[in-house]
Structure formats: structure tokens, C-alpha cells
Amino acid sequence: MRTQKQKIEKVLFMGLMTAVLTFAGSAVSMAGTWMPYEGSWFYCQEDGSFAKGWQWIDAGNGVCKSYYFDASGKMASDTVIDGYTVDASGAWTQNGQEVTKKTTVNIVRNFVETGGNEAETASDTAIPSTSVGPMEGVSLNAQANSSSPIVNIAMKYVGPLPYILGGNSLTTGTDCSGFTRLVFALAGKTLPRTSAQQFAAAPYHPTEAELQPGDLIFYGNGSINHVAIYAGDGIIHQTNSTRNCVAYDRNGDGYNVVHYTNIIGFGRY
């Protein structure tokens, strides 16, 4: 009896999926971060897992597109899934036009870092889900076209990377100040371990108007608890254990991602 029930549920589920794709207004949009990895695109959701199956994802300006992800989380592109065509960018397409729906997405990020015996925490407002999308902004095996060697190095590590408190590896994991320290070391510059120490040791503290790609941005409420690399059109940073990735979060749609939460100051090495 249970086996028959499961079969019925499967049929109902497939019917529901078709209805979701056909009647876009009934779908619920997701929020998270696009990540390039080993020649493919993945979508890291707010709970830290990769998206699977058909998903509506905010493509910017309050518009969602539908994408398909296999069991490993890899985005399908330029193929037909369940009778639905997805184009080279991965979006569901009908009659040569990408299918869209309107949505409103509100995202809250929490960033946690520690260094040495320090425990640094912060939580604040939003980074939009439009930060990086397939075929946008960052190429697979990302190569930046920045005048800053720091940004070019950092962009190579955009994608999945375990967030490890006090970690010190661009392969097995690190935290936000560990990431900046390691990136700068690859550029021949020595930084202290924690974000607060990096701010204090910076040879020059530019104003926001003076920011240049490769400068550091320090965040916190009363004390420094997060650091990111300014990329010119956004920030590159190792995020918390929920995202477990190096994120390239870009400005867009009138939103300045530099101000996603409270800024303590800036640093240049």
C-alpha cells in the first residue's frame, strides 16, 4: 500500500513541477550565490546547500528565471530537461525567449570570523542575490581584468571554499582575514592574521572616495569583525559557514554592495 502511495505522490509531484513551470506566479524565488567550480555553475542556497532540480532564481531587477540543477548541483545548459529547453546561460527558454517572473527577494547575511583567540561576529543587512549570475561578471576558472594584482589573484578563488575559523588554506578552508592574508601573500605582501590587526597595520587608510581595486574594506559594529577586498564594482570575500565560499558580490540595480553592512574603515597595503 505504501509503495502505491509513493507512486501516486511521485506522479503528483511531477504534475506539480509542470504546473510550477507553466504558471510562473506560483513559484517561490530563491536567494543565494552563484559559484563557478570545475567548469560548471552551481547555486549555493542560504542554508549552504546546492540547488537541485528546477529552481526559480532572482536574475536582477526583481525578475526570476528558471534553471535546472542535477543531483550534484551542476547547472544544465544548452539542452532539454523534462521536455523544457534551457539555453546556453542555463535559463528556461520558450520560442527563443527566456521565461521570467516578477519577484521580491530580501536576503540577510551573517558573517563570523575568528583569529587567534579572538571571536568576532557580525550580522546585518542585505547583499542582493544578483551578485553573480551564470555567464555574468566572473568567467569559469575566473580571470579578472583588473589593474590590481590583488583582485586578479582573489578572483581565481571565487567559488566553493570551506569557511574554517582560524583556517589558513585556499584549498581546505580559511576565514575572511585568512583569505585576505593569503591572497596578499601571493602578491608578495605580508598582512597580520586578524581583520582588526590588518586594519591597524595598514600603511594608508584611504577615504571611500579614494578607494582603488585591491584596497581592503573593514566591517563591524563598534569593533572590526569582517574584511573584504574592494574589486572596483563590488567586493571579494570569504564568507561565513552558511555560504562556505569565496564570494564576488557586485554592485547592481542602484545597490552599492560595499555598504551591505556597517563600515569601520578602509586600508591600503
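A salt bridge here is a side-chain nitrogen of Lys or Arg within 4 Å of a carboxyl oxygen of Asp or Glu. Lys 65 forms one with Glu 98, and their closest N and O atoms are 2.5 Å apart. Lys 65 sits in strand 4 and Glu 98 in strand 8, so this is a link between distant parts of the chain, 33 residues apart. Glu 98 counts as partly exposed, at 29% relative accessibility. Buried means under 20% relative accessible area, exposed over 50%, and partly exposed in between (1.4 Å probe, protein chains only).

This is a predicted model, in which local features need pLDDT of at least 70 and side-chain atom pairs count only at pLDDT 80 or more, while totals for chains, interfaces and linings use all residues. Residues are numbered from 1 along each chain as its sequence is written, and side-chain values use heavy atoms, with hydrogens and water left out.

Now the overall layout. The chain has four helices and 19 strands. Helices (H or I, at least four residues) and strands (E, at least two) are DSSP runs, numbered from the N terminus. Of the 269 residues, 50% count as buried. A contact means heavy atoms within 4.5 Å. Among contacts between residues at least 6 apart in sequence, 56% join residues at least 24 apart.

Next comes confidence. The pLDDT is the predictor's confidence in each residue, from 0 to 100. The chain averages 73, and 69% of the residues score at least 70. Where pLDDT is low, the predicted coordinates should not be read in detail.

Two strands pair if DSSP finds at least two bridges between them. Strand 5 is joined to strand 6 (residues 84–86) by three bridges. Thr 79 stands opposite Val 86 in strand 6.

Aromatic rings come next. Rings of Phe, Tyr and Trp (its six-membered ring) pair if their centres lie within 6.5 Å; planes under 30 degrees apart count as stacked, over 60 as edge-to-face and the rest as tilted. The count comes to seven aromatic pairs. One of them is Trp 54 with Tyr 68, edge-to-face, at 5.3 Å centre to centre and 65 degrees between the planes. Trp 54 lies in strand 3 (residues 53–60) and Tyr 68 in strand 4 (residues 63–69), 14 residues apart. Trp 54 is buried at 8%, whereas Tyr 68 is partly exposed at 22%. Tyr 84 and Trp 92 also pair edge-to-face, because their planes stand at 90 degrees, with ring centres 5.5 Å apart. Tyr 84 is buried at 14%, and Trp 92 is buried at 2%. Trp 54, Tyr 68, Tyr 84 and Trp 92 form one aromatic cluster.

What of the nonpolar interior? A nonpolar core is a set of buried Ala, Val, Leu, Ile, Met, Phe, Trp, Tyr and Cys residues joined through side-chain atoms within 4.5 Å. The largest has 23 residues, and those with the most contacts inside it are Phe 179, Val 183, Leu 216, Ile 229 and Ile 236. Helix 2 (149–155), helix 3, strand 15, strand 16 (224–230) and strand 18 (245–250) each supply at least two residues of this core. Phe 179 touches, among others, Ala 154, Leu 170, Ile 229 and Val 246. A second, separate core of 11 residues includes Leu 211, Ile 217, Val 258 and Ile 263.

Salt bridges number three in total. Asp 175 forms one with Arg 193, with closest N and O atoms 3.0 Å apart. Both Asp 175 and Arg 193 are buried. Arg 268 forms another with Asp 215, at 2.9 Å. Arg 268 lies in the segment after strand 19 and Asp 215 in the loop between helix 4 and strand 15 (216–220), so the pair ties together parts that are 53 residues apart in sequence. Asp 215 is buried, at 3% relative accessibility.

Methods. Lists of a residue's contacts leave out its neighbours within four places in sequence.
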